[in-house]
Amino acid sequence: MSLHEAVLRKETDLLSSEERLKPRHLRTLGSLAGMVAIVTAMTLLARQFAWVGDYPDAWIAPFEDWLNVAMKWLIHECSFGLFTFKEFTRSLAWLAGWPFKLGMGLLIKGFDIALSLPVAGRIEFHLPHLSWVGVAGCAALLGHYLQGRRLALISGGCFLYLALFGQWASAMETFASILIAVPLGVIVGLLLGVLSYWSKTAEIIIRPLLDMMQTIPIFAYLVPILFLFGFGPVSAMLGTVIYAVPPMVRCTHIGLRAVPDTQLEAGIISGCTRTQLFLKVKMPSALHQIMIGINQVIMLTLNMVIIASMIGAGGLGYDVLTALRRLHIGRGLEAGIAIVVLAIALDRLSQAATQGKVRKKSFSMGFVYNHRYSLAGLFLLVLATMLGSKLAFVAAYPEDWFITTAPFWDGLMSWININLYDPLYAVRTFLLIYLLVPFKKFLLNLPWLAVIGVLFFAGYRLGGWRLALIVLFPALFPAVTGYWEKTMYTVYLCGIGVLIAALIGIPIGILAAGNARSAGTLNLILDTLQTLPAFVYLMPCVMLFRVGDVSALVAIVAYAVVPAVRYTLHGIRQVPVSVLEASAMSGCRRDQILTKVQLPLALPQILLGINQTIMLALSMVVITSLIGTSDLGQEVYIALTKADIGRGLVAGLGVACIATVSDRLIQAAAELKKERLGLT
Amino acid sequence: MIKWKNIFGSLVIALMLASPMLVQAGSVPESKDPIKITIHDWTGQVINAHIMGNVLEEMGYNVEYIVADYLAQFAGLESGDLHVAIEMWETTGKQAMDASLKTGNTVDMGETGMWAKEEWWYPTYLKEKCPGLPDWKALNDCAEVFATPMTAPKGRYLGAPVTWGGHDEERVEALGLDYEVVHSGTNAALFSELKSAYERKAPILLWIYAPHWVPIKYEGEWIEFPEYTDECYNDPSWGVNPDKAFDCGKPFGWIKKVAWAGMEDKWPAAYKAVKAFHIENDEIGELIAKVDLEGKKVETVVKEWMKNNPDAWKSWTE
C-alpha cells in the first residue's frame, strides 16, 4: 500500500466516522430530552402525590438493625466448631503483627535479648536499632544499584530529609508499617486481579467489591475490625490495605487483558505450557500496567497514614494530626512532606526495580564483586550501628541539629491571612452563592423518583435493560434505607468537586502530553497531591474559607484532580503516531489534530479517568466530614460516636452506591465510545 | 540485596525465640504484661496518660501507650486489647461509654477531678463592637457583627462537631437568638477559624471547651447564659422561655476514667492506682500551657510534675 493510499484510507476512515457522528448526536439529544421529560413529569407528579417527591418514612426498611444483628453474630457467635471466627481473625492479626514488630525493632526500638545459656548463665543485652546513617546510606546504595547516581541521590536525599527535619523516628514507624502493608496489598491485588481475569464469575463478584473497598469510609467498618483484629497497627494496616488494593486489582486485570494476541500465539507456537504462557508471556507483557498498580498501592497506602494514625498506628500521621491540633501549620506541613518524601523514595525505587537494568553476574570476578552492593550495604549498616553505640549522633540524629522551616510557613500563613483574606473570602462567597447553593438546592429538591427514573433511563440508553436494572438497585438503596437527603448532599459536593477537577485536570493533561520535558515535574506534583495528607492544606483552607462546603471542595478537588490529569495524559499519548501523521498530511492544523483526532481517540481513556476522579472524590468524604459538612461521611462519623455499627455501615454503603452507579454508567459510556471509534 | 536482610531477620527471630522470658513472680507487679494506656490527640489527655503511666512504672509495671481513636477505643477496652482510658468526657463521650459499660467488659473508674467547661465564647477585642457582652441578652444586638453573607441577617455561631452534641440548635430556638449554628467537623477546623479571626481581629463567636490551651492562649470570655440546671434541660416550663427546654447555658461535665473489666484481677494494685488518679483543672491547664505554648516535651513536663508533686501521686499507689 503506497503512502498515498494510506492517507486516503485514513481520510475515508475519518470521513466515515464523521458521518456516523450525525445520528449519534441525535441519539444524545434524544437521551437528554428523555431525561428532561422524566424530571418534568416527576416534578409535576410530586405536586399531586407527596410520595413522588419525598420518600415516605413508612417505607424505610430497617437495614441498620439487620446489619447490627449480623455483625453481632459475626463478632460474638460465629464459630467454625473448633474455634470462633474472632479467634481465627485474632490469630491472623497475631501472625501479621510479627513482621511489624521485627521492623519496629530493627528501625526504632532495638531488641532486648535475654538468653539463658547452660554454661554462661543468664545474659541480657540490648541489640541497638539500625543507625540512621546506615539506613539512609543503604537507601542510596539501593538506588545506585537499581538505576544509577540519579536515583541514589533521590532516595538517599529523601531519607536524609527525614533525619534533618527531625522526622526520623516517626518516619521509621510509618516505614515499618508500610513495608508490610504495601507488599501485602500488592500480593492480594495481584491474586484478585489474576482471579478476575481467569473467571468471569469472579470478575462479576469482585468489581462491585472494589468500588465498596475504595469508597466506604473506613470509619464505617472500623469498629468491627477493631473487635476482630484487635487494637493497634495491624488493624490500621488492614484498613490501609482494604483501601489501597482496588487499583492494583484493576491494573492487573487490564494489563492481562491487553496482552496482544500475536504475543500469545507466539508463545503457544513456541510450545509454552499454560503456566509458562502465563508467567513468561502474559505477566511480563502486563508488567507496565502492573507497575502503575504498584505505584497506586504505595500512594494510597501513604495517603491512608493519617487515618491509620487515628486508629492505632503512630508515626508521621500522628505527628501531622498533633501539630495541626495545636495549629502548628508549619510543623504539620513538615511532617506531611515527610510522608510525601517516603512515598517518592519507595515509588521510584520500586519502579526502578522492575524496569531497571539487569546486572549480569560475572564468574571471573568472584563472590565479593558480584555481591558488592549487598556487602557494602551490610557493612555500612553494621559499622554505623556499632559506631552508634559509641557515638550518640550516629545512632540517632541529634535534636540540636534539626532544621526547621516551620516559622517561615507559620509566618507566611499569617501574612496571607491578614493581607489576602478579603479577596479570597469574596471568591468563596461568590462560589457559594452562584454555584454551590443553587446546585445544592436543585439536587435536594429533585423528587427522588425523578433521580431514579433518570438513572434507569441513562442505564437503558447506554447498556440496555441489563444495565438499567444493575443501576436501579444501588440507586434505590439510599431511598430505601432513609438516607436520601444525605446521599444527595454527597452527590452535590462530590459532583461539583469532580466537575472542577475535570475542568482543571483534563487541560493540564492535554498540555503535558504535548510537552515531554514537563513529565518529571508533573509526576512529582501529582505524587505530592496524592500523598500529602489533606489535613495539611485543609487547616489553612479553613482559616481562609472558614468551615463549610468551600473548604471541603478544595480538599476534594486537590485529591481527585490527579487521575483526571494522569488518564488524559495517558490517553493522548497512546494515540498512534501513524494516525497523527496521517491527519497532519491530510492538512489538519494543530488545533484540528487535537480536537478532531487526539481528543476523540483519547476519550474512552479520559472517561475512565473521570471514573477514577469520582472514586477518589467519594473517598474524600471521610475527610470532608472532619471539616464540617453534613454528608454521608458525617453520618458515618456520628454512627461511630454512638457505637452503632449498622448505621455506619448503611451510610458507608450509601457512598458505595453512588460510586457503583456512576462507575457502571461511565464504563458503559466508555465502551460505547470505544466501539464507535473502532478501538475494540 | 534482599538476601542479607532475610538472613539478618531470621537471625534476630531465632535469637528472640531462644530467649525464654523469665518472669519473677513478685508481689506488686502482679504481671509483667504491659498495661496499655490509650492516647488521643489533645494534649491534656496525653499528659494525663503519661502521668498515670509514669506512676504505674514507678510501681514496677510495664506500660505501653497506644494511639487510639477517642470513641473507637471502646472496642479495644472491651476485648482487653487496651486497658486504661484516662479521660472520658461527659459532654462528648457519655453515650458511647454507657453503651460500653452495659456490656460488662469495661468499668467506670470514677471521676478524674477535672471538669469540662464548654460554652459559647468570643475574643475580648469584640467587646468594643458589642459592649453588652458577655450577657447573653446582648447577643441579638450583635447578630450583625457576627453575620456572614451566608447567614445574614442572622449571626453565625460556630458550634462543636455534631458528634459532640450540645443542643445548640435547641438553645438558639428556646432563647430566641438570631443566630445560625454552623457545625465544625473537628477541633482542628474549629480552632483554625479562631486563629484566622484572631489574627485579623475579626468577629467570631464559637464553641470552646476547657481544660484546653485555646482559652489560655487567646484572650476571651464565655457568654453568660442563665445557669444550667437539670430542670432546664428536662422541663420546658422552667426558665425564660415557658414553652421550651434548653433555655439556659451548658452543664459542667465530669471527666471520668474507664478501664477494662479484667484489670482488677490481673493488676489489682494498678487498678487501685488508676481509680485513685486525681488532678484538677488549674493544674492540668498549667501543664498544657507548658507543652502547647512553651513547646516543651510531654515527657519532660510530666517528669517535672512528678518530681515536684510526690505527695499528690504517691497517695494513689497505697
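## Contacts within chain A

Among contacts in chain A between residues at least 6 apart in sequence, 79% join residues at least 24 apart; two residues are in contact if their C-beta atoms, placed from the backbone, lie within 7 Å. This is a predicted model, in which local features need pLDDT of at least 70, side-chain atom pairs count only at pLDDT 80 or more, and totals for chains, interfaces and linings use all residues. Residues are numbered from 1 along each chain as its sequence is written, while chains are lettered from A and ligands numbered from 1 in the order in which they are written.

## Fold and burial

You will find 29 helices and two strands in chain A (DSSP runs numbered from the N terminus: H or I of at least four residues for helices, E of at least two for strands). With a radius of gyration of 28 Å, close to the 26 Å from the globule rule for 680 residues, chain A is as compact as a globular protein of that length. That radius is taken over C-alpha atoms, and the rule is 2.2 Å times the number of residues to the power 0.38.

Of the 680 residues in chain A, 48% are buried, having 20 or more other C-beta atoms within 10 Å of their own, with C-beta atoms placed from the backbone.

## Where chain A meets chain B

Chain A brings 55 residues to the contact and chain B brings 51. On the side of chain A that touches chain B, helix α19 (residues 406–445) of chain A gives the largest share, six residues.

## Confidence

The average pLDDT of chain A is 84, and 94% of the residues score at least 70; pLDDT is the predictor's confidence in each residue, from 0 to 100.

Terms used
A residue is buried if 20 or more other C-beta atoms lie within 10 Å of its own, exposed if 12 or fewer, and partly exposed in between; C-beta atoms are placed from the backbone.
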